[in-house]
Amino acid sequence: MSAHRGSKARLAALAAVVPLTLLAACSQGAGSSGAEDGEIRMMVNLTDNLDQAYWEKLVKPFEDKTGLKVKIEGPTGKSVAESFPQQLAAGTAPDVIQSIFPDDDTAPELLDLSGEAWAENTSMFDEYAIGDAHYAVGVGTQTQSLVYYNKTAFEKAGIKAPPTTWDALGDDMARLKKAGFTPMQTAGDYMTGLQLQQIFHPTLNQAHPKWQSDVKGEKLTVGDAYEPAFKKYADWIGSGYIAKSDVGLNPSQADGNFVAGKVGLYTNGSWFAATLDKAGKLPFEVGVFSPPVDDGGSYPGPQGATMANPYMVNKGAADADGAKQLVEYLVTDPAAVETQLGSDGVFRQGSKVEQSGVGSQIQGILDDAPELVAVGEGQGNVRLPVTGFNPKFTEVAQSLYTGASPADAAEAIDQWVDENR
């Protein structure tokens, strides 16, 4: 069976288990038969700030210029990721899909944008290739490997500059603790594992470039790759630089602790800049730096990043050329790009969009990064041979709070990978 026909079979099987009421909603509320002639249907992720009005305003200049109409649709299920495969199976899929990436099932149903000259210089275009094909184009990136810090806490602790090595980071956390601050803020839920990955990306990707591919090719194990990080993390817990009780916090509480000025260091992604902006005037100045690297390593190291605001075009679109024009507008038109860069911590290398103080620092880190690298399970052609890595990694990282050794953690993640390949 060809990959294309196999995908169709899987999508048909999915449709068989979708509740009939949901399929009815798909066909009545979002089906291609319900669209007016000349309309381009685009399914987007609707949020409190990226609501229907935001998206309609974003595409209005495109409609005025081209005469084409764009119909903005939210997901019919819980998310775009859930709804798009369901609608493909039902034959009611939209023309343009925002916020998700292709996988082995959906890729055969999407247009390959490799030959589009306008797409080649978009953010992380090559990093998200599958084979030689490019199905997703993005507006920018969400930068993952960032450490936010309290400049007032640094000054009171006698720290003159952000650390660039792991040894210096350890020394700084000792000073912050002595000065009465929480040295490193973390949280439970997804945050535990995410932060450990974020802060370790620059070091890991110097030691093992494209490490996910090496794991897939059985040249490396995840345990070997991450045991040095587990050792550092266990040392921080043992030294009291990370409070054991933090594993019981939800991420919003951790955000609040940093905003309140109680914390010296806080690893987070570029989206945290939006949280800081919304918080208004803080009792301290916020700094941002790229995570440290091993002694002798190159600083700054590779920056973990993901494509932000990705768009894909359905191969079955009634007006494929119009759908491509819409995507080209969304990822290349200066005004459209600027609007999207101003939301949800989205940044773009080389962008001249005016940013807040924290945003300007993040833009500088992004521009100075020697390369952008795949995070977690990976992306495009650089992927682990398993799915569900991030939740399992968090579970393993949290075991360090309850007495597991770094070697135990490394063995546990390797056992899980072996069982789930």
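Select Asp-126 and His-134. Their side chains make a polar contact at 3.2 Å. A polar contact is a pair of N or O atoms within 3.5 Å; within protein, one must be able to donate a hydrogen and the other to accept it, and residues adjacent in sequence count only if both atoms are side-chain atoms.

Before moving on, some ground rules. This is a predicted model, where local features need pLDDT of at least 70 and side-chain atom pairs count only at pLDDT 80 or more, while totals for chains, interfaces and linings use all residues. Residues are numbered from 1 along each chain as its sequence is written, and side-chain values use heavy atoms, with hydrogens and water left out.

**Stop 1: around Asp-126**

Stay on Asp-126. It sits in the loop between S3 and S4. Helices (H or I, at least four residues) and strands (E, at least two) are DSSP runs, numbered from the N terminus. Asp-126 is exposed, at 54% relative accessibility. The scale is this: buried is under 20% relative accessible area, exposed is over 50%, and partly exposed is in between (1.4 Å probe, protein chains only). Along the chain it is 255 residues from Asp-126, yet their C-alpha atoms are separated by 9.3 Å.

Next, pick Ser-99. This residue is also in a loop, the one between strand S3 (96-98) and strand S4 (137-143). Ser-99 is partly exposed, with 26% relative accessibility.

**Stop 2**

Go to Asn-150 in strand S5 (residues 146-150). It is buried, with a relative accessible area of 1%. Follow the side chain. It reaches the backbone nitrogen of Thr-152 at 2.9 Å. It also reaches the backbone oxygen of Gly-261, at 3.4 Å. Leaving out residues up to four places away in sequence, Asn-150 touches Phe-258, Gly-261, Val-263, Gly-264, Phe-284 and Glu-285. Touching, or contact, means heavy atoms within 4.5 Å.

Step across to Glu-285. It lies in the loop between helix H11 (272-279) and S8. Glu-285 is partly exposed, with a relative accessible area of 49%. Its partners, again not counting residues up to four places away in sequence, are Tyr-149, Asn-150, Lys-151 and Thr-152. Check Lys-151: it is 134 residues from Glu-285 in sequence, but 5.5 Å in space, C-alpha to C-alpha.

**Stop 3: backbone details**

Select Tyr-299 and Pro-300. The peptide bond between them is cis, with omega near 0°. Pro-300 belongs to the loop between strand S8 (286-289) and strand S9 (303-313).

Then jump to Lys-210, in the loop between helix H7 (191-207) and helix H8 (211-216). What is the phi of Lys-210? It is near 50°, a positive value in a residue other than glycine. Lys-210 is exposed, with a relative accessible area of 51%.

Now show helix H4 (residues 80-90). Its buried residues are Val-80, Ser-83, Phe-84, Pro-85, Gln-86, Gln-87 and Leu-88. Gly-91 follows H4, and its phi is positive, near 75°.

**Stop 4: H9 against H16**

Show helix H9 (residues 222-238) and helix H16 (residues 406-420). They pack at an angle of about 145°, with axes 8 Å apart. H9 contributes Val-222, Gly-223, Asp-224, Glu-227, Phe-230, Lys-231 and Ala-234 to the contact, and H16 contributes Pro-406, Ala-407, Ala-409, Ala-410, Ile-413, Asp-414 and Val-417. These residues divide into nine nonpolar, one polar and four charged. Axes are lines fitted to C-alpha atoms, for helices over the stretch in contact, and angles run from 0 to 180 degrees between N-to-C directions. Ala, Val, Leu, Ile, Met, Phe, Trp, Tyr, Cys and Pro count as nonpolar, Asp, Glu, Lys and Arg as charged, and the others, Gly among them, as polar.

**Stop 5: the rings**

Finish with the aromatic residues. How many aromatic pairs does a search of the whole structure find? There are 21. Rings of Phe, Tyr and Trp (its six-membered ring) pair if their centres lie within 6.5 Å; planes under 30 degrees apart count as stacked, over 60 as edge-to-face and the rest as tilted.

Select Tyr-149 and Phe-154. Their ring centres are 4.5 Å apart and their planes are at 40°, so the pair is tilted. Both residues are buried.

Then select Tyr-233 and Tyr-401. Here the centres are 5.9 Å apart and the planes are at 70°, so this pair is edge-to-face. Tyr-233 lies in helix H9 and Tyr-401 in the loop between helix H15 (389-399) and H16, so the pair ties together parts 168 residues apart in sequence. Tyr-233 is buried, with a relative accessible area of 4%. Tyr-401 is buried too, at 8%.

Last, select the cluster linked by ring pairs: Trp-166, Phe-200, Trp-211, Tyr-226, Phe-230, Tyr-233, Trp-236, Phe-389, Phe-393 and Tyr-401.
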